[in-house]
Amino acid sequence: MNKPKRPIICVVSAEANSIEQRQLLSGIIEKAQEYGYDTAVLSNIYNPNISVISLESENRIYELVHSEQISAVILISESFVNEQIREAIANSMLSKDVPMIILGAHLEEFRDPKFTFLNTGDEDDSEELVDHLIEKHGFTNIDFLTGNDYIELSRKRAEGYRRSLRKHGIPVDERKIHYGDFWTTSGEELADKYANGSLPLPQAVACANDYMAYGMLDEFRRSNIRVPEDITVISYDYIAKRIMHYPMLTSYQRNRADLGRSAVEIIHCRLEGIPEPDFVPPKGRFILGDSCPCGKNLDEYFTELNDVKIKRDFEAWNLFSSLDQEITESKNLDEFVEILGKFHWLIRDARNIMLCLQSNWYDPSSEVSEIMSCRSVMPWLDNSPFEAHRFDFAEIFSRHSSPAVYYFNPVFFGQRIFGHIVIRYDTPDTYDDIFRNWIKSVSICLEFLRMKNDIRYLTSCQNLSEQRDTLTGMYNAAGLERAYNSAVLHGNKEMYFVMLRICLSEESISIANTDDRIKAILDASRALDEFCGNHDICGHINDNTLICVVQRNAAPELIADCVSAILLQHKKYMEYYGADSFVCVCEQCSGISYKEIYEKCSAEADIKAKALDEKKIISHYREMEEIRSYVYSRPTETFDSESLHNLFPGSTGYLRSVFKQCFGISFHKDCIIARIAKAKYYLSTTTLNVIEISEKCGYLDSKYFLRQFSMVVGMTPIQYRVSIQY
């Protein structure tokens with residue numbers, strides 16, 4: 001992986017679009033940019049109250065915290081409602097040895113000494129809230145509405161109320177402290193008790209959050225109780241939704257932005273090894289409204305009104321845009337990305353939007369790949385895909401010269417994670433609720449694109465018989481298992497199980513290319529048929545897996561190598577997928593069950609496929625893969641400096657260096673192996689003599705061919721033919 005240009009601060013949040021998280025993030029991002037740090041924000045998009053199982057795939061976005069490129073972690077604790085998610089994230093963070101700051105309330109899952117907690121002063125802020133009622137308006141009969149009594153936050157805010165009363169010599173009556181649930185229903189219920197006479201009407205009520213205050217205002221309006229003429233209502237924890245309620249609420253805004261700045265300042269000191277400043281909880285401020293006698297501040301009112309108008313406009317544009325329709329009609333991933341770029345403006349002020357998909361995102365039966373295929377969707381930027389490990393933030397961040405903030409959000413459907421969307425902002429701006437609809441459209445339409453491809457494929461080659469695959473004529477999964485049990489478990493011959501995993505280099509899907517893919521699969525099945533002849537068992541058990549059960553005298557490694565050599569000579573498959581698009585493994589059956597040997601070979605194939613996948617992050621791998629496929633399709637050619645320059649515009653020395661880095665072998669040796677692979681093909685599938693084979697493989701001297709074959713394979717061509725043929 002690449003080395004980051006700048007330190008990376010990772011912020012872990014849930015629903016980063018909410019006002020509380022956006023206020024914290026604005027301070028974090030501003031301070032990080034001041035110090036020259038990049039910020040990576042990891043966030044889900046759905047309601048955190050939904051069960052973990054339902055949203056298991058989207059919550060995998062938090063696995064990115066394992067990246068070794070992260071210099072520090074900030075977690076917004078109060079954004080995570082679900083205890084299971086908090087526990088999983090805490091365990092992930094504990095495995096890291098970097099500065100870790102928790103912003104918000106102390107939570108049980110984060111009690112480890114590794115975590116530093118920072119928060120605004122709930123007691124001090126609540127005390128100042130009540131001070132306003134007493135000192136500014138002269139009230140002495142004040143009730144307080146807080147949250148659930150078992151929540152520490154509720155008790156702290158209630159204690160601030162008590163402190164203010166004691167400070168001003170007002171007796172504390174515990175009956176005037178009311179416990180709710182931090183939601184509008186609590187405010188409605190308390191207001192109803194005042195309205196029906198169950199409780200005496202005080203001069204004022206201070207609420208521990210805006211939601212409960214909004215419930216009170218709405219219920220008072222329905223009950224014809226005037227605010228502030230009959231009763232004053234103020235609240236704590238401003239959430240910028242006052243425009244939706246009457247009268248406009250006076251609310252105390254916690255200084256979340258400064259809290260975020262403090263977190264980054266502490267991280268900076270720890271990274272630089274300099275003394276940390278003493279942390280002092282930042283003081284907030286009043287956002288005045290009409291629910292107390294102060295009255296609203298017109299400048300603040302117009303600012304809020306403008307924010308509401310901007311949000312309303314974007315909501316309307318998203319609602320009435322043709323994004324969903326156009327993207328649903330896309331026929332391949334390139335067209336999909338092009339349409340996303342056309343509608344980039346639906347995400348407010350984003351400087352770049354990158355779609356990062358697992359290299360095998362379209363295959364629901366495979367394990368999630370660690371290698372991502374990434375590309376920008378912005379029309380004015382380079383949309384060429386590039387590969388990066390999913391933990392390699394630097395591959396994305398290093399493409400920009402100055403520090404920025406990058407939001408990572410999951411792209412998923414059901415229990416299948418496709419990858420993530422990365423949005424870059426160059427300022428401390430943050431995305432809002434509108435983005436959630438945009439990314440849901442992306443996820444749903446990606447699944448629709450995948451399904452369209454599957455439906456077309458299945459209508460062409462679905463297994464329609466009980467035992468046979470109608471595309472290839474081979475056994476299907478059920479037929480192969482039955483044939484295996486008959487030949488191996490009830491037979492008396494030593495057999496080998498060969499698994500050929502194909503089509504591994506397919507990074508995008510396209511309805512237009514489905515026919516070509518079918519032709520390539522058919523070509524690969526013919527390659528296996530050539531190896532097996534009429535005596536062995538062959539099967540096409542799923543889209544990309546071919547299996548044969550054979551009797552041979554060779555070692556398993558030699559058998560797998562022979563099958564690979566035969567496939568390399570099949571032009572239709574090679575033209576569509578290339579030389580590095582398949583893996584082959586072989587195991588001795590030894591009387592073991594079909595399930596056991598299948599799982600063993602699958603595990604080996606997965607390891608080999610993952611190794612191929614990880615090569616994609618090497619610089620110029622795509623070009624080298626094309627050159628290698630070209631060489632294997634023309635093994636008899638001689639590649640001098642001029643012909644190499646035609647294949648790769650850089651110097652031949654650089655080509656040879658990168659080629660060896662990609663494939664672990666020099667270009668010259670791989671050219672020899674390509675010729676020997678062709679020779680293996682003729683030796684295993686024809687009756688041509690050695691001289692005829694040497695000529696077909698481009699050797700003018702058959703003795704030289706014999707020496708080179710023996711040096712590469714470890715046996716003579718005749719010995720190879722005897723061992724590999726049935």
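Axes are lines fitted to C-alpha atoms, for helices over the stretch in contact, and the angles between their N-to-C directions run from 0 to 180 degrees. With that in mind, this briefing on a predicted model turns to a pair of helices, α15 and α24, whose axes come within 11 Å, and to an open sheet of 6 strands.

**The helix pair**

- Helix α15, which covers residues 556-567, and helix α24, which covers residues 717-724, have axes that cross at roughly 100°.
- Since angles of 65 to 115 degrees count as roughly perpendicular, α15 and α24 are therefore described as roughly perpendicular to each other.
- On the side of α15 the contact is made by L558, I559 and C562, while α24 contributes Y720, S723 and I724.
- The residues of this contact between α15 and α24 divide into 5 nonpolar and 1 polar, with no charged residue among them.

**The open sheet**

- The strands follow the order β7-β6-β8-β9-β10-β11, and their pairing is mixed.
- β7 (177-179) and β11 (285-287) stand at the edges with a single partner strand each, so one side of each is left without a neighbour in the sheet.
- Neighbouring strands of this sheet are turned by 20° against each other on average, when direction is ignored.
- Strand β10, made up of residues 250-253, runs antiparallel to β11 and is joined to it by 3 bridges; here Q253 stands opposite R285 of β11.

**A helix across the sheet**

- Helix α6 (residues 210-222) lies across β6 (142-146), β8 (204-207), β9 (232-236) and β10, and it runs at about 160° to β9.

Key: Residues numbered from 1 in each chain as written. Predicted model: local features only at pLDDT ≥ 70, side-chain atom pairs only at ≥ 80, totals over all residues. Heavy atoms only, no water. Pairing = 2+ DSSP bridges. Helix = DSSP H or I, 4+ residues; strand = E, 2+ residues; numbered from the N terminus. Contact = heavy atoms within 4.5 Å. Parallel < 35°, antiparallel > 145°, perpendicular 65-115°, else oblique. Nonpolar A, V, L, I, M, F, W, Y, C, P; charged D, E, K, R; others polar.
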